[in-house]
Amino acid sequence: MNEYIFSNSISGKEIKRIRNKCNLTQIRLASFLNVTKKTIERWESSKTEITGPAVILLKMLDDQPELVEYYEIPPRKTPLRI
């Protein structure tokens with residue numbers, strides 16, 4: 001089995017710290033991770049460790065907060081003409 005530098009679990013406190021570090025609201029983080037705001041709320045208030053694919057994305061955001069801006073789709077500057 002391969003080993004990676006990221007752990008496979010994260011605490012709710014760490015999720016909140018990473019979210020604040022990236023200047024994200026719960027809604028924007030939920031959108032970035034493709035989960036609901038309710039899921040982010042549950043994770044942040046959880047006393048148990050969170051596991052799953054979102055952990056790797058959160059750890060990457062912790063290391064490189066600029067990834068949020070890099071992958072965000074910018075708003076349209078001009079309206080779409082039909």
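Biologist: Which residues in H2 meet which residues in H4?

Modeller: First, the source: this is a predicted model, in which local features need pLDDT of at least 70 and side-chain atom pairs count only at pLDDT 80 or more, while totals for chains, interfaces and linings use all residues. Residues are numbered from 1 along each chain as its sequence is written, and side-chain values use heavy atoms, with hydrogens and water left out. A contact means heavy atoms within 4.5 Å. Here Leu29, Phe32 and Leu33 in H2 meet Ala54, Leu57, Leu58 and Leu61 in H4. The residues of this contact divide into seven nonpolar, no polar and no charged. In that count Ala, Val, Leu, Ile, Met, Phe, Trp, Tyr, Cys and Pro are nonpolar, Asp, Glu, Lys and Arg are charged, and the others, Gly among them, are polar.

Biologist: At what angle do the axes of H2 and H4 cross?

Modeller: Two packed helices are described by the angle between their axes and the distance between the axes. Axes are lines fitted to C-alpha atoms, for helices over the stretch in contact, and angles run from 0 to 180 degrees between N-to-C directions. Helix H2 covers residues 26-33 and helix H4 residues 53-63; their axes come within 11 Å and cross at roughly 120°. H2 and H4 are therefore oblique to each other; angles under 35 degrees count as roughly parallel, over 145 as roughly antiparallel, 65 to 115 as roughly perpendicular and the rest as oblique. The crossing is right-handed, meaning that the near helix is turned clockwise from the far one by less than a right angle, anticlockwise being left-handed.

Biologist: How do H2 and H3 pack?

Modeller: Helix H3 spans residues 37-45, and it packs against H2 at an angle of about 105°, with the axes 8 Å apart. That makes H2 roughly perpendicular to H3. On the H2 side the contact involves Gln26, Ile27, Leu29, Ala30 and Leu33, and on the H3 side Lys37, Ile40, Glu41, Trp43 and Glu44. These residues divide into six nonpolar, one polar and three charged.

Biologist: Is Gln26 buried or exposed?

Modeller: Buried means under 20% relative accessible area, exposed over 50%, partly exposed in between (1.4 Å probe, protein chains only). Gln26, in helix H2, is buried, with a relative accessible area of 18%. Not counting residues up to four places away in sequence, Gln26 touches Arg19, Lys37, Ile40, Glu41 and Glu44. Across the chain of 82 residues, buried residues make up 32%.

Biologist: How many salt bridges does the structure hold?

Modeller: A salt bridge is a side-chain nitrogen of Lys or Arg within 4 Å of a carboxyl oxygen of Asp or Glu. The structure holds seven. In one of them, the side chains of Lys59 and Glu14 meet at 3.5 Å, N to O. That pair links distant parts of the chain, with Lys59 in helix H4 and Glu14 in helix H1 (residues 12-21), 45 residues apart. Lys59 is buried at 14% relative accessible area, whereas Glu14 is partly exposed at 26%.

Biologist: Which parts does the salt bridge of Asp62 and Arg17 tie together?

Modeller: The side chains of Asp62 and Arg17 meet at 2.9 Å, N to O. Asp62 lies in helix H4 and Arg17 in helix H1, so the pair ties together parts that are 45 residues apart in sequence. Asp62 counts as buried at 17% relative accessibility, and Arg17 as partly exposed at 40%.

Biologist: Where do Glu41 and Lys38 lie?

Modeller: Both are in helix H3, three residues apart, about one turn of the helix. Glu41 is partly exposed at 26% relative accessibility, and Lys38 is exposed at 60%. Elsewhere, salt bridges that share partners join Arg17, Lys21 and Asp62 into one network.

Biologist: What is phi of Asn23 and of Asn34?

Modeller: Most residues other than glycine have a negative phi. Asn23 has a positive phi, near 55°, and lies in the loop between H1 and H2. Asn34 also has a positive phi, near 60°, and lies in the loop between H2 and H3. Asn23 counts as exposed at 63% relative accessibility, and Asn34 is exposed at 71%.

Biologist: What pattern does the chain follow along the sequence?

Modeller: Helices (H or I, at least four residues) and strands (E, at least two) are DSSP runs, numbered from the N terminus. The chain has five helices and two strands, in the pattern β-α-α-α-β-α-α. Among contacts between residues at least 6 apart in sequence, 69% join residues at least 24 apart.
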